[in-house]
Amino acid sequence: DVPDRAEARRFRLGIMGGTFDPIHHGHLVAASEVASEFDLDEVVFVPTGEPWQKSGQQVSAAEHRYLMTVIATAANPRFTVSRVDIDRPGPTYTADTLRDLAQLRPDAELFFITGADAMEQIMTWKDVDRIWDLAHFVGVTRPGHELNDFGRKTDISLMEIPAMAISSTDCRRRVEAGKPVWYLVPDGVVQYIGKYGLYTPKLSEVGASG
Ligand code: ATP
Ligand code: MG
């Protein structure tokens, strides 16, 4: 009957990992679409730790990336942000993220959300066998990347979402070139980038000291 079924249903927690340098509408649409399709109760955004070198480029301070993620998600009651990765020393491995969140939220069923490009990387991780026990994986489409089903050997759900041809790399380059990022990232993130001079080499030296 109804009360029993309500009790039996586990809390469904989505996990959106990323560098979020900066967070943009592609991330937010992906989280929102998966939340709707998989009936998630909450999606927790988890900015990666530092120090961290990505594609040979220095990544912004974790605190900036964390705060931009908080600003971008603040209006959605189902979106939250976790510090587990930025508070853990060293580079971020998804196996650690999942283990920490499973420990913090023992009653939750975990759904790890990734774009098509990140899914390719997951398949090459050395801990790959361990992570399938910790969470369901949901791969979403991303313009310019192919979403493979890897022969369905693994517990991956694939989902087509509205195509947002936005990347953090492009946002950073636009800011550096003096081009707008309005409507690519949330308004508060545009303002945060300007306030601290992120992605503008000369300004960010000043911004670092306040
Ligand atoms: P960068 O260009 O710095 O790599 P990014 O735009 O790829 O930044 P990440 O923080 O690397 O953003 O990505 C976090 C997660 O969000 C990854 O799983 C990535 O595949 C996914 N993602 C990022 N942008 C999109 C998008 N436009 N559509 C769908 N998924 C996306
Ligand atoms: Mg990326």
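Visitor: How many bridges join E1 to E6?
Guide: First the idea: two strands pair if DSSP finds at least two bridges between them. Strands (E, at least two residues) and helices (H or I, at least four) are DSSP runs, numbered from the N terminus. In this predicted model, six bridges join E1 to E6, and the two run parallel. Phenylalanine 11 stands opposite alanine 108 in E6.

Visitor: What must I know about the numbering and the model?
Guide: Residues are numbered from 1 along each chain as its sequence is written, while chains are lettered from A and ligands numbered from 1 in the order in which they are written. The model is predicted: local features need pLDDT of at least 70, side-chain atom pairs count only at pLDDT 80 or more, and totals for chains, interfaces and linings use all residues.

Visitor: In which sense do E6 and E7 pair?
Guide: E6 and strand E7 (residues 136-140) pair in the parallel sense, over five bridges. Glycine 115 stands opposite valine 140 in E7.

Visitor: Which strand pairs with E1 over six bridges and covers residues 42-47?
Guide: That is E2. Strand E1 (residues 11-18) and E2 pair in the parallel sense. Glycine 17 has valine 46 in E2 as its bridge partner. E2 also runs parallel to strand E5 (residues 79-81), with three bridges joining them. There, valine 43 has phenylalanine 79 in E5 as its bridge partner.

Visitor: Where do side chains point in a strand?
Guide: In a regular strand they alternate between the two faces of the sheet.

Visitor: What unit do E1, H2 and E2 make?
Guide: A crossover is right-handed if, with the strands pointing away from the viewer, the path from the first strand over the helix to the second runs clockwise. E1, helix H2 (residues 25-37) and E2 make a right-handed β-α-β unit.

Visitor: Is valine 34 buried or exposed?
Guide: Count C-beta atoms, placed from the backbone: a residue is buried if 20 or more others lie within 10 Å of its own, exposed if 12 or fewer, and partly exposed in between. Valine 34 lies in helix H2. It counts as buried because it has 23 C-beta neighbours inside 10 Å. Alanine 75, in the loop between helix H3 (62-73) and E5, counts as exposed because it has 9 such neighbours. Of the 210 residues of the chain, 38% count as buried.

Visitor: How many residues of E2 and E6 are buried?
Guide: Five of the six residues of E2 are buried. In E6, seven of eight are.

Visitor: Which residues have the most contacts inside the largest nonpolar core?
Guide: A nonpolar core is a set of buried Ala, Val, Leu, Ile, Met, Phe, Trp, Tyr and Cys residues joined through C-beta atoms within 7 Å. The largest one has 48 residues. Those with the most contacts inside it are Ile15, Ala31, Val34, Leu110, Phe111, Phe112 and Ile113.

Visitor: What is valine 34 in contact with, beyond its neighbours within four places in sequence?
Guide: Two residues are in contact if their C-beta atoms, placed from the backbone, lie within 7 Å. With those neighbours left aside, valine 34 touches Gly14, Leu40, Phe111, Ile113, Val138, Val140 and Met159. Valine 34 and valine 140 are 106 residues apart in sequence, yet 8.2 Å apart in space, C-alpha to C-alpha.

Visitor: Which residues come nearest to ligand 1?
Guide: A residue is near a molecule if its C-beta atom, placed from the backbone, lies within 6 Å of it. Of the 18 residues around ligand 1, Gly18, Gly26, Gly115, Ser168 and Thr169 come nearest. The elements giving two or more residues to this shell are H2, strand E6 (108-115), helix H6 (116-122) and helix H8 (168-176). H2 gives the most, with three residues.

Visitor: What is the phi of aspartate 39?
Guide: Aspartate 39 has a positive phi of about 55 degrees, although it is not a glycine. Its place is in the loop between H2 and E2. Tyrosine 199 has a positive phi of about 70 degrees, and is not a glycine either.
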